[in-house]
Amino acid sequence: MSSSLSRVIRNFMRVGPKGYLKQMNGMGDCKAGTLVGVDKYGNKFFENEQEDEIHLRTRWVEYKDFYGDMSQIEPAWHFWLGYGVNPSPNNAAPEALSKSAVPMPANYTNLTGTSGSYMCYSTVKPKIEPWAPKVAKR
């Protein structure tokens with residue numbers, strides 16, 4: 001049995017069938033690790049320090065909503081996921097956490113591809129007029 005197949009079977013046994021299906025449908029990979037923390041939006045952050053995991057792929061997030069994206073994560077947790085710091089934000093000293101100079105909204109959701117997305121418009125008069133066919137009698 002190959003090592004990748006044994007890793008998948010081992011993780012399947014650790015997370016169970018429901019967790020396996022949820023992870024495969026969301027992330028496309030089955031991972032098992034320890035819960036590191038939960039942010040104020042309800043997202044769960046995990047870490048796996050075992051040798052069978054690929055380097056720099058040992059931290060991941062399970063979003064509260066099924067269709068989650070990175071815009072729904074706090075900046076400190078985003079920095080931790082990218083291996084910017086080793087201690088997680090819930091274990092870091094308060095003075096080590098960054099403070100935003102500009103007030104930010106409570107949760108900014110990425111609206112790309114939805115009806116609420118930004119649509120730019122031009123205020124310049126078009127140089128080319130659309131062609132309007134004129135039908136003549138035969």
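These legends describe the overall chain and then several close-up views of a predicted model. Residues are numbered from 1 along each chain as its sequence is written, and side-chain values use heavy atoms, with hydrogens and water left out. Local features need pLDDT of at least 70 and side-chain atom pairs count only at pLDDT 80 or more, while totals for chains, interfaces and linings use all residues.

**Figure 1. The whole chain.** The chain has two helices and three strands. Their order from the N terminus is α-β-β-β-α. The radius of gyration is 24 Å, well over the 14 Å that the globule rule gives for 138 residues, so the chain is more spread out than a compact globule. Helices (H or I, at least four residues) and strands (E, at least two) are DSSP runs, numbered from the N terminus. The radius of gyration is taken over C-alpha atoms, and the globule rule is 2.2 Å times the number of residues to the power 0.38. Along its principal axes, the C-alpha trace spans about 80 × 50 × 25 Å.

Figure 2. Of the 138 residues, 22% count as buried. Buried means under 20% relative accessible area, exposed over 50%, and partly exposed in between (1.4 Å probe, protein chains only). The accessible surface of the chain is about 11300 Å², and carbon and sulfur atoms hold 60% of that. Areas come from the Shrake-Rupley method with a 1.4 Å probe; for residues, only the protein chains shown count as cover. Among contacts with a separation of 6 or more, 39% join residues 24 or more positions apart. Contact means heavy atoms within 4.5 Å. The chain carries 17 positive and 13 negative side chains, and the centres of the two sets lie 14 Å apart. Lys and Arg count as positive and Asp and Glu as negative; His and the chain ends are not counted. Each charge is placed at NZ of Lys, CZ of Arg, CG of Asp or CD of Glu.

**Figure 3. Cys30 and Cys120.** Cys30 is buried, with a relative accessible area of 1%. Cys120 is exposed, at 62% relative accessibility. A search of the whole structure finds zero disulfides. The criterion is a pair of cysteine sulfur atoms within 2.5 Å.

**Figure 4. The end of helix α1 at Gly26.** Helix α1 covers residues 3–26 and includes Gly26. Gly26 is exposed, at 56% relative accessibility. Pro75 is 49 residues away along the chain, and the C-alpha atoms of Gly26 and Pro75 are separated by 22 Å.

**Figure 5. Loops on either side of β3.** Leu56 sits in the loop between β2 (44–47) and β3. Its phi is positive, about 65°, although Leu56 is not a glycine. Asp65 sits in the loop between β3 (59–62) and α2 (75–81). Asp65 is partly exposed, with a relative accessible area of 45%. Asp65 and Tyr41 are 24 residues apart in sequence, and their C-alpha atoms are 9.7 Å apart in space.

**Figure 6. The segment after α2.** Tyr83 belongs to this segment. Its phi is near 65°, a positive value in a residue other than glycine. Tyr83 is partly exposed, with a relative accessible area of 26%. Ala93 lies in the segment after α2 as well. Ala93 is partly exposed, with a relative accessible area of 31%. Ala93 and Gly116 are 23 residues apart along the chain, and their C-alpha atoms are separated by 38 Å.
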